[in-house]
Each structure stands twice: as structure tokens, then as C-alpha cells.
Amino acid sequence: MNFDKELELRVKKANQAIEECLPKDEGMPGNLVESMRYSVLVGGKRVRPVLMGELFEIFGGKGKELRFIQSAMELIHTASLCHDDLPALDNDLLRRGKKTTHAQFGEAMGILAGDALLNYAYELLFDGINESENKENALNAARILSKKSGYLGMLGGQSVDVEHEKTGIKGDQLEILEYINEKKTAALIEGAMMTGAALAGADCEQLKLIEKIGNRIGLAFQIQDDILDVTGTPQSIGKSVFSDMKNNKETYVAIVGIEEASKRVIDFTKEAVALTDELPGNTEFLKEMISYLALRKN
């Protein structure tokens, strides 16, 4: 298998679905729609929709609903980035090698773009449910995605991250950091993979396994992100470097150092790859994808 070519094809397919699902830049709220489209189409690896599509395929999924729910996944992720970059949070001006949404359109539109993307994502979830021939599977998938992106998942992790950064939280720093990483980053990767499998009819035990795989992928992904924040450049990673230090964030690099952080990336990645042996179907691309994410330089 030529992994790079296969990844390119999957990313292209995800991008086509996302662009087709986005609202057109027309009518009175034109500036809002323009900022929504800019935020999504400015770039991105499309990790989550690709992982969702791969698990859908591994479990033998068929149907038109996937494109809507893949798009909803990416819009939820992008909404979180719009808000994460705002002055009240990380105050970043660079994302995916371009100006962040609030830097391009102003703070008010940065807030509204994130809100609109999140709301529109749920419209797309309903479209996916409507298109599905198995409403029970689609509803289960939508429920998983909603929970993993909500106050017990991604948004909960973001809130603890902000609270920890601004005021400090008493307790074990590594334990708090692991909670933030599990919720803020890993939860959405778990959600993407579980949603794809649930759409295709995976049972509860299989979903628990996928959740564990997604958790390990997400933790490795976030620690590698912490490392790149210190070792990368704005040109190579497409965003500001030393952002974590600037915002007084605790990271694996800050707490245990780059060497130990790198070891944890490898350990989590090996565990995720090993667990994929318990999945049905062809997991060759998924294994390559997991390693690619851990070794990425951007």
C-alpha cells in the first residue's frame, strides 16, 4: 500500500464532502458565511473525518449519510479552533499557516463564526440521520458525537484548560494535564472513530475497544503537538510556536521534558496499533495513519 497516496485520496474525498455541505456565500449574512467558509477551507489535515470514514469502512458501512456526519465532525472541530484562538483564550493570530478567523474578520465575527459552525454541524447531523437507511445506527452515532464534543468531552477539557491557565487548579499537575488532554483532544478523536463504527453497526463492546484506540491516538497526537510547539517553526507547523509557554500552559514537555514526552508518544502509538488487531476488516491503512500522526512534523 502507498500510504501517502491513500491518505491523499481520503483527504480529497473528505474535503469534497465538506465543501459540498458548507453553506453558500450569499444573502444578508454573507460576512458570517464567508468567515465560516474561511475557517473550514483555509486548510487542515482532516484527521477526524478520515478516521471516521476508515472505521465506517472497516465495519462494512454503506450509505450516503457518512458525508454529512464527516462534515459535521470537521465543523465541530473547526468551531473549537475559532474559539480557542480568540483573545479571551489563546489569543493566536496564526492557524494552518493563515490568519486566524478573528484576526481576519474581527473578534465579534470570530465568535459568531464558531457559534454558526457548531450550530450548522448539528443541522448536518440531522441531514445524515435523515439520509440513513438505519436510523438507529445514525442516532447512536449522533449521540456519541454530541457527547464527545460536549461538556463531558471536548468543551469540558477546554474549560479546565482555560481555568488552569488563568487561575491555576490545585492538585497533581500531571493528573490535571492528562484530564485536559483526554477531554480536549482525545475525546474528539474517540468520537470520530466511534461515530464511523456506530454508523456501520458496531456493537457496544466494539465501540469500547475503538474508544480505547482513539484515546491512545489522541494522547499521542496532543503530546506530539506539545513537542512541535517547542521544536517547530511557524512555517513548518502553520501556527505560532511557544504558544503554550506564552499562555502559561502546562504541557508534557514542560512537566517531564522532551525526551520523556517523546517516549510517551511512542508508547501510546504502539498500544493503539496493537489494539487495532482486535478490529474486523482490513486495518492496514489505519495502522499506518496512527504512526503517521505520531511522527508528523506539522
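At roughly what angle do the axes of helix 1 and helix 4 cross? The model is predicted.

1. Helix 1 against helix 4. Helix 1 covers residues 3-21 and helix 4 covers residues 65-84. Their axes cross at roughly 85 degrees and come within 9 Å. Angles of 65 to 115 degrees count as roughly perpendicular, so helix 1 is roughly perpendicular to helix 4. Helix 1 contributes Ala-17, Ile-18, Glu-20 and Cys-21 to the contact. Helix 4 contributes Arg-67, Phe-68, Ser-71, Glu-74 and Leu-75. By class, this contact of helix 1 with helix 4 holds five nonpolar, one polar and three charged residues.

2. Helix 1 against helix 3. Helix 3 spans residues 47-58. The axes of helix 1 and helix 3 come within 9 Å and cross at roughly 105 degrees. Helix 1 and helix 3 are therefore roughly perpendicular to each other. On the helix 1 side, the residues are Leu-7, Arg-10, Val-11, Ala-14 and Ile-18. They meet Pro-49, Val-50 and Glu-54 of helix 3. The contact of helix 1 with helix 3 has six nonpolar residues, no polar ones and two charged ones.

3. Nonpolar cores. The largest nonpolar core has 62 residues. Within this core, Phe-59, Leu-75, Met-193, Ile-210, Ile-213 and Met-289 touch the most other members. Helix 4 supplies the largest share of this core, nine residues. Leaving aside neighbours within four places in sequence, Leu-75 is in contact with Ile-18, Leu-22, Val-40, Leu-117, Tyr-120, Ala-121 and Leu-124. There is also a second, separate core of 11 residues, with Leu-219, Ala-220, Ala-261 and Val-265 among them.

4. Thr-269. This residue sits in helix 14 (residues 258-275). Buried or exposed? Thr-269 is buried, because its relative accessible area is 10%, and the cut-off for buried is under 20%. A polar atom of the Thr-269 side chain lies 2.7 Å from the backbone oxygen of Val-265. Not counting residues up to four places away in sequence, Thr-269 touches Ala-220, Ile-290, Ser-291 and Ala-294.

5. Arg-296. Arg-296 is in the segment after helix 15 (284-295). Its relative accessibility is 4%, so Arg-296 counts as buried. What does its side chain have in reach? A polar atom of the Arg-296 side chain lies 3.2 Å from the backbone oxygen of Phe-221. Residues up to four places away in sequence aside, Arg-296 touches Lys-45, Phe-221, Gln-224, Asp-225 and Leu-228.

6. Positive phi values. Which backbone angles deserve a look? Arg-46 has phi near 60 degrees, a positive value in a residue other than glycine. Arg-46 is in the loop between helix 2 (30-41) and helix 3. With 3% relative accessibility, Arg-46 counts as buried. Asn-91 has phi near 55 degrees, also positive in a residue other than glycine. Asn-91 is in the loop between helix 4 and strand 1 (94-95). At 36% relative accessibility, Asn-91 counts as partly exposed.

7. Ala-254. Helix 13 (residues 252-256) holds Ala-254. Ala-254 counts as exposed, because its relative accessibility is 53% and exposed means over 50%. From C-alpha to C-alpha, Ala-254 and Arg-143 are 36 Å apart in space. In sequence, Ala-254 and Arg-143 are 111 residues apart.

Definitions and conventions. Residues numbered from 1 in each chain as written. Predicted model: local features only at pLDDT ≥ 70, side-chain atom pairs only at ≥ 80, totals over all residues. Heavy atoms only, no water. Axes fitted to C-alpha atoms, helices over the stretch in contact; angles between N-to-C directions. Helix = DSSP H or I, 4+ residues; strand = E, 2+ residues; numbered from the N terminus. Parallel < 35°, antiparallel > 145°, perpendicular 65-115°, else oblique. Contact = heavy atoms within 4.5 Å. Nonpolar A, V, L, I, M, F, W, Y, C, P; charged D, E, K, R; others polar. Core = buried A, V, L, I, M, F, W, Y, C linked by side-chain atoms within 4.5 Å. Buried < 20%, exposed > 50% of the residue type's maximum accessible area, 1.4 Å probe, protein only. Polar contact = N/O pair within 3.5 Å; in protein donor to acceptor, adjacent residues only side chain to side chain.
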